[in-house]
Amino acid sequence: MLLETDPFTAGTEPFNFCKLICGSEGTLAFITEIKLHVNPLPINPSGLLCVHFHSLEDALKGNLIILKHRPLVSELMDHYILECTKNNLEQSKNRFFVDGEPAAILIAEYDGKDQEEILARVKLVEEDLLAHGLGYHFPLVLGEDKKKVWNLRKAGLGLLSNVPGDDKPVAVIEDTAVDVEDLPSYINDFNQILKKYNLYAVHYAHAATGELHLRPIINLKTEEGNKLFREIATEIAHLVKKYRGSLSGEHGDGRLRGEFIPLMIGDHNYKLLKDIKNTWDPQGIFNPGKIVDTPGMNTFLRYEPGQKERQIKTVFRYPNQTVLQHAEQCNGSGDCRKTHLSGGTMCPSYMATKNEKDTTRARANILREMLTHSDKANPFDHEEIKEVMDLCLSCKACKSECPSSVDMAKLKAEFLQGYYDSHGVPFRSRMIGHVDSMTELMQPIAGLYNLVVGNKFTGDIVKNILGFAPNRNIPKISSTTLRKWFQQKDKPFSGNKNRCKVSLFFL
């Protein structure tokens, strides 16, 4: 539907209508066309003041002081996030501004008409913080280096999936928001609840707006973890209501938080939501089970509590985890769906096809599904995996660019070995794998070989036998080997008694 009137004029019916549709999370209508309002980007230069703190409590207090100086944003990263960045190939390079082992860092962005004004503003912030005994390191990041800092911050969600084992930071109460003035007290009460269960949480994201993404570490594969998942969600929902906050400040309610909507808004208002849903969608077609009539939040999870993980024999080693756990590192963030316009390399096959099937995420998901539920003795023996893995180039871009460091090249090699164990190695793969020995075998008849593969008629036959694309060329063989060429060359250094180092580069 297309709204011809301006939906962003407060107080008008289109404005209220848009808010209703936006908040419905796909449960009321299917939208084919929308009109967006956009704001111009700031034109003033800015700098990032990255304040280091010795404790999370100090960071939350410092955030209130930072906000008095009117930053553009104030974002938090705690030490759990920072620890994860050490072992990520891509993000370890972005830690250049981190000093020591801070318990938390606040990234506050300040702008100004020029660099001198920015320096003056952040100096006032630093002096104010130090006057309150808060913060120990205050690096200011300017220019192109700002992008590195934001990349480190954005990678936080995916990096959390790198935690070895089945205990993972789970998105159970990670969208709560309270008044920013209440944030220090709320987080203190929040952590006291977790302490009661012998749990701890990861804290990061939007400190300026009172919304931290909080993820307790829980093993959802166990009956105890599944039960704890619900108990924590229930207690935190009551805590958020006590602070008159929101259980879904940014990401929506969906199936995870839908069960708690009656608690948060009251039975009367919840009935109004049900009436709207039944009026718009009486047959329950659109996104059923979301917002209203939501099933228990610990149902329909990826993991089945108490399910035994089978022992899968692998060729490669996966330090501190199994091959299944490595596939499960994928958290679905979709960084592998970047196009060439977004920069980076991952994932080249998706860039070419624009098909979800050809993303790193899809490959991790098919492995997770089959390795978990396969009833075959060899869980890799599935055509479904082969189809999804087929276009993976094994370029290892995911190893460095994926926030979760999913090494799909390694997983594909693991799959192919398992698949070939059941089906044998194809002739094409054998030929490519032994290209050196085959080239050496053909070298004495290089002229005849080049004639056969270079001729269109016979060359197409060879390509068809090998399974090569008809429009690609098969490399030809030189009539002279590198060793023979070297033996025939003059060697001006042969009589030189001084040893020298020779480097040979293959392009």
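Reader: Where is Asp293 placed?
Author: Asp293 lies in the loop between α11 (267–280) and α12. This is a predicted model, so every value here is computed from it.

Reader: What is the phi of Asp293?
Author: Phi is positive there, about 55°, although Asp293 is not a glycine.

Reader: And what about Lys354, what phi does that one have?
Author: Lys354 has a positive phi of about 60°, and Lys354 is not a glycine either. Its place is the loop between α13 and α14 (360–373).

Reader: Is Lys354 buried, partly exposed or exposed?
Author: Partly exposed, with a relative accessible area of 45%.

Reader: Which peptide bond is cis around Cys347?
Author: The bond from Met346 to Cys347 is cis, with omega near -5°. Cys347 sits in the loop between α12 (323–327) and α13 (348–353).

Reader: Switching to the overall picture. How many helices and strands does the protein have?
Author: The secondary structure comes to 22 helices and seven strands. The protein has 507 residues, and 40% of them count as buried.

Reader: What box do the C-alpha atoms fill?
Author: Roughly 85 × 65 × 55 Å, taken along the principal axes.

Reader: How much of the contact count comes from residues 24 or more positions apart?
Author: They account for 73% of the contacts with a separation of 6 or more.

Reader: Now helix packing. At what angle do α2 and α4 cross?
Author: The axes of α2 (residues 56–68) and α4 (residues 115–131) cross at roughly 145° and come within 10 Å. The crossing is right-handed.

Reader: Which residues meet there?
Author: From α2, Gly62, Ile65, Ile66 and Lys68. From α4, Val125, Asp128 and Leu129. The residues of this contact divide into four nonpolar, one polar and two charged.

Reader: Where is Lys61, and is it buried, partly exposed or exposed?
Author: Lys61 is in helix α2. Its relative accessibility is 39%, so Lys61 counts as partly exposed.

Reader: How far is Lys61 from His132?
Author: They are 71 residues apart in sequence and 9.4 Å apart in space, C-alpha to C-alpha.

Reader: On to aromatics. How many pairs are there?
Author: A search of the whole structure finds seven aromatic pairs. One of them is Tyr80 with Tyr200.

Reader: Why is the pair of Tyr80 and Tyr200 called stacked?
Author: The ring centres of Tyr80 and Tyr200 are 4.9 Å apart and the planes are at 25°. Planes under 30 degrees apart count as stacked, so the pair qualifies.

Reader: Which parts of the chain does that pair link?
Author: Distant ones: Tyr80 is in helix α3 (residues 79–85), and Tyr200 is in the loop between α7 (183–196) and β6 (201–206). The two are 120 residues apart.

Reader: Are those two tyrosines buried, partly exposed or exposed?
Author: Tyr80 is partly exposed, with a relative accessible area of 26%. Tyr200 is also partly exposed, at 42%.

Reader: What is the geometry of Phe96 and Phe97?
Author: Their ring centres are 5.6 Å apart and the planes are at 75°, so the pair is edge-to-face. Phe96 is partly exposed, at 40%, whereas Phe97 counts as buried at 5%.

Reader: Which residues make up the aromatic cluster?
Author: Tyr186, Phe190 and Tyr243 form one cluster.

Reader: Which charged ends sit over rings?
Author: The charged end of Arg255 sits over the ring of Phe300, 4.8 Å from its centre. The charged end of Lys410 sits over the ring of Tyr318, 4.4 Å from the centre of that ring.

Reader: Last one, Asp253. Where is it, and is it buried or exposed?
Author: Asp253 is in the loop between α8 (223–242) and α9 (254–257). Asp253 counts as buried because its relative accessibility is 18%, and the cut-off for buried is under 20%.

Reader: What does Asp253 touch?
Author: Leaving out residues up to four places away in sequence, Asp253 touches Glu25, Ser248, Gly258 and Ile261.

Reader: And how far is Asp253 from Ala108?
Author: The C-alpha atoms of Asp253 and Ala108 are 29 Å apart, and the two residues are 145 apart in sequence.

Technical notes:
Residues are numbered from 1 along each chain as its sequence is written. This is a predicted model: local features need pLDDT of at least 70, side-chain atom pairs count only at pLDDT 80 or more; totals for chains, interfaces and linings use all residues. Side-chain values use heavy atoms; hydrogens and water are left out. Axes are lines fitted to C-alpha atoms, for helices over the stretch in contact, and angles run from 0 to 180 degrees between N-to-C directions. Helices (H or I, at least four residues) and strands (E, at least two) are DSSP runs, numbered from the N terminus. A crossing is left-handed if the near helix is turned anticlockwise from the far one by less than a right angle, and right-handed if clockwise. Contact means heavy atoms within 4.5 Å. Ala, Val, Leu, Ile, Met, Phe, Trp, Tyr, Cys and Pro count as nonpolar, Asp, Glu, Lys and Arg as charged, and the others, Gly among them, as polar. Rings of Phe, Tyr and Trp (its six-membered ring) pair if their centres lie within 6.5 Å; planes under 30 degrees apart count as stacked, over 60 as edge-to-face and the rest as tilted. Buried means under 20% relative accessible area, exposed over 50%, partly exposed in between (1.4 Å probe, protein chains only). A charge sits over a ring if NZ of Lys or CZ of Arg is within 6 Å of the ring centre and within 35 degrees of the ring normal.
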